[in-house]
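Thank you all for coming; I would like to walk slowly through one structure today, one part at a time. Please have the picture open while I talk.

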Amino acid sequence: MDGLDARVPQISPRRPFRDSFATFGALAWSGFQRYATYRQATIAGSFTNIVFGFLRCYVLLAVAAGVAGGRPAGYGPEQLATFVWVGQGLLTVVSLWGWTELSDRIRSGEVTADLLRPVHPVIGYLAPDLGRAWHAMIFRFVPPLVVGLIFFDLYLPGRWFTVPLFAVSIVFAVIGSLAMRFLVNATAYWLHDARGPIMLWTLSAGVLAGLYFPLRFLPDWLAVTLWVATPFPGFLQTPLDVLIERDAAPLQAGLVVLQAVWAAVLLALCAVVQRRAERRLVAQGG
Amino acid sequence: MAELRAYAALFGGQWRSLLSYRASFIVEMITNIGGTALDVLAVLVIFQATSTVAGFTLSQGLLIVSLSSCAFALADFTVGNIDRLKTYVRTGAMDAVLVRPLGVLMQLVLMDLPLRKALRLVVGFGVLAVALTVNPIDWTPARVTLLVITPLAGAVFFASIFVLSASLAFWWVDSGEVGSAFTYGGRDFTAYPTPVYAGWFRAVFAYGLGFGFVAYQPALALLGRADPLGLPTWAGFVSPLVALVAAALAAAVWRSGIRHYRSTGS
């Protein structure tokens, strides 16, 4: 234990954020490593994503074949195929489902340990989640895309900035999704058992984010309302629409800006909720 | 009698735990109705984007999705939670189940009967009622019988798929979501007319695994419509047979899985 003591490391006045960056990086890396250990589960999950890719792709292609002109809601068949297969890969990256870590810790009381750490709890969950997303980007995003390329004609983006914009859009989607999951889980501070809200989230997330069908299939007023008034389209529909160049360049970029605004709003909400929850936790003495 | 009392005790425990989190239960129940409603709504959105999907109209599509969702809801309500088997195997909870002198499958079902899913059935059968009124069906005794057996046979079929995919956990603890590809994937497959799909994928799911006989073939027989894929009309009446084969297979795999089970050692 030589060389370890309780002193807080001296932060260089010239580089005040160095320690924060190092901590954030270490947390993110821990998130990556955690998922890297479940190798068989990664293969199993990809298999399922691929089966659902076939199911959804055939349905949307049948819709395109049934529409006069073959472009339902302005999507060509190749765009729809890309929408489905990239969506199946992105689903695990954005990870809408199955995260109950925070609510489990609240119920068991372990959450109090989070408050003792020198990292803000929201950051403490965000950093590992970005690491997890990076792992998924390498091992879960690619397999469905490859299968899609083999069995279907996919749309390849034509504008030079589409792919970088898509990458930025994915980052906002991951941040927004984590923030939303944090908020849903945080209801456990008040309800003790967050299963109901988590289920509500599970059900609405897929449909409203555009997993089952592109949101443009809905009437215009409804699609626009969803985009502006809810963060849901930002989790899948926006990145996918950006990639398949559904809109003209300005709107394409505008959707990503909207997504960024929603991610910022949700993160701020997380901070507020966390502060109020901490006060409540003290009041309960637990 | 003692056995029945033991099963009743397992169920009673479920019931009490549910009463102690009443608000949460009500929210879950309502969201579950939403779940089935959303499955149907997704199909409606798909159908309203175009006049026909693979040659099927909206009302015909509604009949297919409602038959599929009745069958799935019945199976999901009874054995749907068996997919937690992998957790029981991983955590060792399975050992406790095996040392009791009761049927293993029955215990697992009663330990975790998803009562919150009960209202899903109501939604499923409600949509079926609507589908039957919007489709002109020429009722004969054979068709009435078919209407009664289709959801039941479909439920037995789906239940077998649930048990089969849960059994994977006996050999491959880390099987993760592979089972969902066939349970929830099968539900999605049966929700649309089979001609929507193509190639080897359709061949495997519809005929190889038998999902084509859950809702699509019976719906054709009810409507008196020829199969664009060429199967004869009586194919709609085959679904109980397909379900029996699936059930026999599931029972065999389950039994061999139980024999194969060697705890986690933890």
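This is a predicted model: local features need pLDDT of at least 70, side-chain atom pairs count only at pLDDT 80 or more; totals for chains, interfaces and linings use all residues.

Let me begin with helix H4 of chain A, residues 101–108, whose buried residues are A:Leu102, A:Ser103, A:Arg105 and A:Ile106; buried here means under 20% relative accessible area, exposed means over 50%, and partly exposed lies in between, with a 1.4 Å probe and protein chains only. Seen down the axis of H4(A), these buried residues fall within an arc of 160°, so they line one face of the helix, the arc being that of the directions from the helix axis to the C-beta atoms. An α-helix has 3.6 residues a turn, so residues three or four places apart point the same way.

Residues are numbered from 1 along each chain as its sequence is written, chains are lettered from A and ligands numbered from 1 in the order in which they are written, and side-chain values use heavy atoms, with hydrogens and water left out. Helices (H or I, at least four residues) and strands (E, at least two) are DSSP runs, numbered from the N terminus.

What covers the buried residues of H4(A)? The cover includes helices H5 (111–116), H6 (121–139) and H8 (162–186) of chain A, together with H9 (188–191) and H10 (195–209) of that chain. After H4(A) comes A:Gly109, whose phi is positive, near 90°.

Turning to the two chains, 39 residues of chain B are in contact with 32 residues of chain A, where contact means heavy atoms within 4.5 Å. Between them the chains bury about 3000 Å², 73% of it on carbon and sulfur atoms; this buried area is the accessible area (1.4 Å probe) that two parts lose on being put together, summed over both. In chain B, the residues that lose the most area to chain A are B:Thr31, B:Ile46 and B:Phe201, together 16% of what that side buries.

How many salt bridges does the rule find across this interface? There is one, and it joins the side chains of A:Arg56 and B:Asp188 at 3.9 Å, N to O; the rule asks for a side-chain nitrogen of Lys or Arg within 4 Å of a carboxyl oxygen of Asp or Glu. On the side of chain B that touches chain A, helices H2 (22–48), H9 (178–190) and H10 (199–208) of chain B each supply at least two residues, and the largest share, 12 residues, comes from H2(B).
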